[in-house]
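User: I am new to this structure and would like to learn how to read it. Could you take me through it feature by feature?

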Amino acid sequence: MRSQTQIEEHKKRNREMFNTIADKYDFLNHFLSGGIDYYWRWRALKKLVPIKEATILDLATGTGDFALAARRFSPQRVVGADVALEMIKLGVDKVRKSRSNAVLMGGDAENLPFRDKSYDIVMSAFGVRNFGHISGGLEESHRVLRPGGQLLVLDFCEPTFPIVRGIYLLYFRRVLPLVGGLISGERQAYEYLPRSVSDFPQGGDFVDLMKRVGFIENSVTRLTFGICSIYYGKKC
Ligand SMILES: C[S@@+](CC[C@H](N)C(=O)[O-])C[C@H]1O[C@@H](n2cnc3c(N)ncnc32)[C@H](O)[C@@H]1O
């Protein structure tokens, strides 16, 4: 459990890190995952029960890929919020080019500038793991969701099957920081990635956290040998 000072320090470091790697983020994201991240976002969105003219909030939206992918629901409104403004700037360009109606803005998932019960769907891809205080972020998500609203979280996991786990951890802890570091010039950022996944409450532990915050009908779906998971829950 982080103290308040540690939370603030973590958030500051994290924001600076994503601001620094923003211009390489999309390329490295797709390159290091072999493009499978598109599939993961697509699979995650399939978990949602479509709602007519939904209002959708994408937390830790970064350069906006998840917010843009939500277009397929023809939502009334998609808002993407992130603390790293350099990531948002790139996302805003992508939104403009794709003629989406998504609105991307600066905003802290742990202290959201929105009224209670104002969204039908709150979602986040590869974002929650980076929060300073994960339960705090989930509580805020719960607060801004309408009753019956849906929470969707996509994030990395460590596979449990021994051989797959060995190969994957070798790639994730050794190769990825090396290649990511060489291309971005920010090796620390790509050493942080596997560390943040190790520290993240994965699978059943994350479902327990959702339950404690008050979400119901919670589930976890593991993807691609368990290296990524989709978490889904509802507000009562
Ligand atoms: C790995 S990126 C994910 C970006 C995007 N969702 C995607 O699918 O590629 C993580 C993002 O989380 C953001 N972030 C971390 N903590 C946050 C917080 N408390 N509130 C909002 N955004 C946060 C970072 O600034 C960064 O842009």
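**Reading a buried arginine**

Analyst: R129 is buried, with a relative accessible area of 6%, where buried means under 20%, exposed over 50% and partly exposed in between, using a 1.4 Å probe and the protein chains only. The model is predicted, so local features need pLDDT of at least 70 and side-chain atom pairs pLDDT 80 or more, while totals for chains, interfaces and linings use all residues. Residues are numbered from 1 along each chain as its sequence is written, and side-chain values use heavy atoms, with hydrogens and water left out.

User: Where is R129 found, and with which side chains does the side chain of R129 make a polar contact?

Analyst: A polar contact is a pair of N or O atoms within 3.5 Å; within protein, one must be able to donate a hydrogen and the other to accept it, and residues adjacent in sequence count only if both atoms are side-chain atoms. R129 is in the loop between β4 (119–125) and α5 (134–144), helices (H or I, at least four residues) and strands (E, at least two) being DSSP runs numbered from the N terminus. Its side chain is joined to that of D155 by a polar contact of 2.6 Å, and it makes another with the side chain of S196 at 2.7 Å.

User: Which elements do the buried residues of α7 pack against?

Analyst: Contact means heavy atoms within 4.5 Å. The buried residues of α7, including Y192, L193, S196 and V197, pack against α1, β5 (145–156) and α6 (162–184). Those four residues are also among the contacts of R129, leaving aside its neighbours within four places in sequence.

User: How many residues surround the ligand, and which are the closest?

Analyst: A residue is near a molecule if one of its heavy atoms lies within 4 Å of it. Here 20 residues surround the ligand, the closest being Y25, A60, D82, E110 and A125. Helix α1 (residues 4–32) gives the largest share of this shell, 4 residues. Oxygen atoms of the ligand lie 2.7 Å from a polar side-chain atom of Y25, 3.0 Å from an N or O atom in the side chain of R41, and 2.6 Å from one in the side chain of D82. Taken alone the ligand exposes 600 Å², of which the protein buries 97%, with areas from the Shrake-Rupley method and a 1.4 Å probe; for residues, only the protein chains shown count as cover.
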